[in-house]
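Subject: Structure handover

Hi,

Here is the structure I promised to pass on. My notes follow below it, grouped by topic.

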Amino acid sequence: MKPFTLKPHALATALLLCAPFAGTHAATPPAADDSGSVSRSPFVPGGRIPLLRGEISIDGNPDEAAWGDALVQEIAFDIQPGDNTPAPVKTTVRMGYTADALYLAFRAMDPNPERIRAHLRDRDAAFNDDWVGVFLDTFNDHRRGYELIVNPLGVQADLIRDETNSENQEDPSWDGLWASAGRLTADGYEVEVRIPFSTLRFPAAGGDQRWGISLFRNWPRDKRHQLTSHRVPRESNCFQCQWGKYDGLAGAQQGRNLEIVPTLTVGATQGRDNADERWHSGDTSVEPGVDVSWAPSPAMTLNATLNPDFSQVETDQLQLAFNDSFALFYQEKRPFFLEGADYFTSQFDVLYTRQIADPDFGLRATGRTGSGAYGAIVARDATTLLLVPGVLGSGFEQLDQKANVAVGRYRYDFNTHFSVGAIGTLRSGDDYSNGVAGVDARWQQGSHTATAQFLHSRSEYPAAIVDGYRDELGDDATPSGNAWRAAYSFGNRNWSLDAWHMDIDPGFRADLGFMGQVGYDKSLLGGGHSWFRDGKAFNRINAYMDFDITHRFDGQLLERELEAQVNAQGPMQSNLRLHGLTRARYWQGQLFDEHYVDVDANFRPNGKLQLGAYAQVGQMLDLAADRTGRRTMVELSGNLNVGRGIALDMDLVHQRMRRDGGTAFTASVLNAGGSWQFDPRQRLRITVQGSKVDREQALYPDTINENARDWAAQLVYSYKVNPRTALYAGASYGAFMDDDHRELFGNTRSVFVKLSYGWQP
C-alpha cells in the first residue's frame, strides 16, 4: 500500500547563530558594576594564547593555579537584539593551552541567577538554555569553523559551521571528543572546557598559529540576547570573517590521533499482514562492525568502516506524503556519513548519502591544503536505491543488485572572496550506471554574493527504472544532460535582493543526490527590507516578496508564483509571520489557480514552555482528483520542561479540503514524545507517532483508499560515555488499518541492543 502523505509545516524555532559579526586585537576587559552589567569601557578582542603550566581538572570550578597564566577576554557586546551595545551581563573567559589541548574557563555572571535556564539534556539538545561557547576558525580562512557550546550543567553541543553554505551554515551532526563541566553559583554559573587538539583540524606547522575565535554567550530572557567577544556590523554577510584573531599555540600536538570504534548491533523484528495471523519472525541479526579514524596530519582525516552499523537509534520525524507528488527528504543520521559532510556540499544536492543504503564497507578522506579543501568517498553498497525523477513528481525505486560508489569534491580558495570547486559522483552495477561531474564558483565581498554551478551526467538504466520515468521524460535507457544554476544576492543592514536561474535537462540524473525534479527551468527575483526598532517590544520587522516562474523543457508553463511575507520578533522570544501566495500551477494537462494566506506564531512565555501555532486557508489543488477546493490546515506544537531532566514535546498537524459540496479529505499527523535525562550520560526516550486519513470516494473519479490509520511507539534507553562509547537498548511497536483491514491491528514489533566503544591506542 502506498502511504498517504502530507509534509507538515515546520514550526520549530531556530537559534540565531548566523548573524554577521566583527573583531580585532586584545585589550583589558571592560569593568562591570555590582549587578553584573558591563560598563561602556572599550574592549577589542584578540591576543596571544599562552602556554599553561600545571594541572587543570575539568570540574566546573576553575580554581587551579595554572589558570593564573591565562589570557583573559570579555564577552562584551550584545549583537542581537542589541546593535553592538554593551552586554547586559558580564562574562569573562580565560584561555590557554598545553601541548595537547586548548583550555577555556567561562565565568557567566547574572543579576538574577534564579532565572538561569539550565536542564539536563542529550547532546546537541540544550540550545534553548543559557549557554556559553567558543567558535574556532582554525585555518583563519573564513570558510569552515567549529562551534562548541556548553550549558550551565555541562551539557555539550557541537556544530560544524560552513560559511559558504547559505542554505545550512550550521550542521549539528558532527560530534567531537572534548571535555566540559559546569556548575551554578550564587552569582551565575561557571564552565570549564578542554578541547584536545586531536579533535580539531588545523595547519600542519610547528610554530605559531593564527586562529579566528569568537567567544559567545546565549542569554535568553524576554528577548534572546546573543552576546559576543567582538563587534557585529548588521550589514555584514560573513559572520566568520569578523571573529577575533588569536596567535600562539606553538607546539600544538595531535598525538597519534588514531581511533578504533568496534560496534555490535543485535536486533529482532516480527510482523504480520492480518490481525488474525500469528506473528512471524522477520530479520534477526547479530552484526559486528568496526570504524577506524586516523589523522596522519592535523589537516587530513582518513576513515574506514567494515560492515558498518548504519542503524538509526531514534525514528525519523513522521511525514505524511499526502497530496504531494514528490519524494520526501529525510535527514542523514548515520555517523560514518555525518562526519565531514560539509566537505561535500555544493549548490545542487549532488550527494544525499541516504542513497547509499546498505554498504558492506566504506572509505573516506577529507582534508585541507594551503588554499583548498577536499573530500572523497568510496563504498560498496549491498543494494541500489534510486530516486527516479520527473517533471511533476518523483519516487524511490530499488534494484536488487550491488553497486560500487565513488564521490570526489575539491574546492580552491583564490582569496577570502573567491573560490572555485569541482565535484564528481559515480555509481555502477550489473546493468546500471550513473555518473555526474561538474564545476562551481562562489564570490562574496561586502554586501554582494554570486554563485554558479554546472553539472553533466550520463546514465544507463534497466527497463524497470525506465518505466518509472517513461511518461514524463521519454524512454531513453541511456539518458544524459546538463544542469546549471547562477545566483546573485545583495544584503546590507536594511535591504536584501535575490536573483537566480536554474536549468535542468530532462536527461539529467544525479542518482547519489536528492534532485527529484528534472526537465525544467526556473527563475526567481525577490527582495526585502528590515526595520530595527531597538528597545521596542517588537524589535525587528522584515518584509519580503518574490516572483518566480517555471517552464517545462518544451516551454510549457509549470508554475507562475507571487508571494509575500512579513515577520516580526517580539516579547517572550516571540516570532510572528504573515504570508500570502498566489500562483498558476500546471497539473495533468491544465493550469489551476491556487492561492492561500497563512500565519505562523511561536513564543516562550517562560523558561519551561514553548508554544507554536500555524494556520493556512485558501484554494488548493487536490492532486488525486485534479480539482481545486478550499483547504484549511492547522498545526499546534510545543515543548515543556519539567524539573531539570524531563522534557515533553508535541507536534500535531490537521488539514481538510472541502470542494464540490462535500469534504474531499481530512488528514492528521501527530509526532509526540518525552525524555528523561537522569544525568549527563543516561537518558530514556519515548516517541509516539500516528496518522489518520479519511477521503470521500464519491468526490474522486478513480477508486481510492478511503480510510487509513497508523501509529507507532518507540522506547530507547541510552548510556553515553562519549559520542563513540555508548550503549543503546530499545523496542518499538506499530499498527495500522486501511480499507482492506478495517480494524486497527499491530503489524510490526522489534527490539534491539547497540554497543560501541571508542578506543584510542
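This is a predicted model: local features need pLDDT of at least 70, side-chain atom pairs count only at pLDDT 80 or more; totals for chains, interfaces and linings use all residues.

Let me start with a quick one: are F239 and W243 buried or exposed? Both F239 and W243 are buried, where buried means under 20% relative accessible area, exposed means over 50%, and partly exposed is anything in between (1.4 Å probe, protein chains only).

Before the rest, some housekeeping. Residues are numbered from 1 along each chain as its sequence is written, and side-chain values use heavy atoms, with hydrogens and water left out.

Aromatics

The structure holds 19 aromatic pairs. Rings of Phe, Tyr and Trp (its six-membered ring) pair if their centres lie within 6.5 Å; planes under 30 degrees apart are called stacked, over 60 edge-to-face, and the rest tilted. One of the pairs is F202 with W211, a tilted one at 5.8 Å centre to centre and 45° between the planes. F202 has a relative accessible area of 1% and is buried, and W211 is buried with a value of 1% too. F239 and W243 make an edge-to-face pair, with centres 5.4 Å apart and 75° between the planes. F239 and W243 also belong to one aromatic cluster that includes W131, F135 and F216.

Salt bridges

A search of the whole structure turns up 40 salt bridges, each being a side-chain nitrogen of Lys or Arg within 4 Å of a carboxyl oxygen of Asp or Glu. Three of them are worth a look on screen.

- D83 and R234 are bridged with their closest N and O atoms 3.8 Å apart. D83 sits in the loop between β3 (77-80) and β4 (85-86) and R234 in the loop between β14 (224-228) and β15 (244-248), so the pair ties together parts 151 residues apart in sequence. D83 is partly exposed at 24% relative accessibility, whereas R234 is buried at 13%.
- R143 and D413 meet at 3.3 Å, N to O. R143 and D413 are both buried.
- R709 and D694 have their closest N and O atoms 2.9 Å apart. R709 lies in strand β39 (residues 707-720) and D694 in strand β38, so the pair ties together parts 15 residues apart in sequence. R709 is partly exposed at 23% relative accessibility, and D694 is buried at 19%.

There is also a network: salt bridges with shared partners join E559, E561, R583, R585 and E594.

Strands and helices here are DSSP runs (H or I, at least four residues, for helices; E, at least two, for strands), numbered from the N terminus.

Helix α2

Which residues of helix α2 (residues 463-473) are buried? They are I465, V466, Y469 and L473. Seen down the axis, these buried residues fall within an arc of 95°, so they line one face of α2; the arc is taken from the directions from the helix axis to the C-beta atoms. The face turned away from that buried side carries the exposed residues A463, A464 and D471. The cover over the buried residues of α2 includes β21 (384-388) and β22 (395-399), with contact meaning heavy atoms within 4.5 Å. G474 follows α2 and has a positive phi, near 90°.

P50

P50 is found in the loop between β1 (47-49) and β2 (71-74) and is partly exposed at 21% relative accessibility. Leaving out residues up to four places away in sequence, P50 touches D69, A70, L71, M95, G96 and Y97. P50 and G96 are 46 residues apart in sequence but 5.1 Å apart in space, C-alpha to C-alpha.

Nonpolar patch

L640, V642, I646, L648, W676, F678, L684, I686, V688 and L715 make a nonpolar surface patch of about 770 Å². Patch residues have over 30% relative accessible area and no salt bridge, with like charges joined within 9 Å and nonpolar side chains (Val, Leu, Ile, Met, Phe, Trp, Tyr) within 5 Å; areas come from the Shrake-Rupley method with a 1.4 Å probe, and for residues only the protein chains shown count as cover. β35 (627-642), β36 (646-659) and β38 (682-695) each supply at least two residues of the patch, and the largest share, three residues, comes from β38. V642, in strand β35, is partly exposed at 38% relative accessible area.

Cheers
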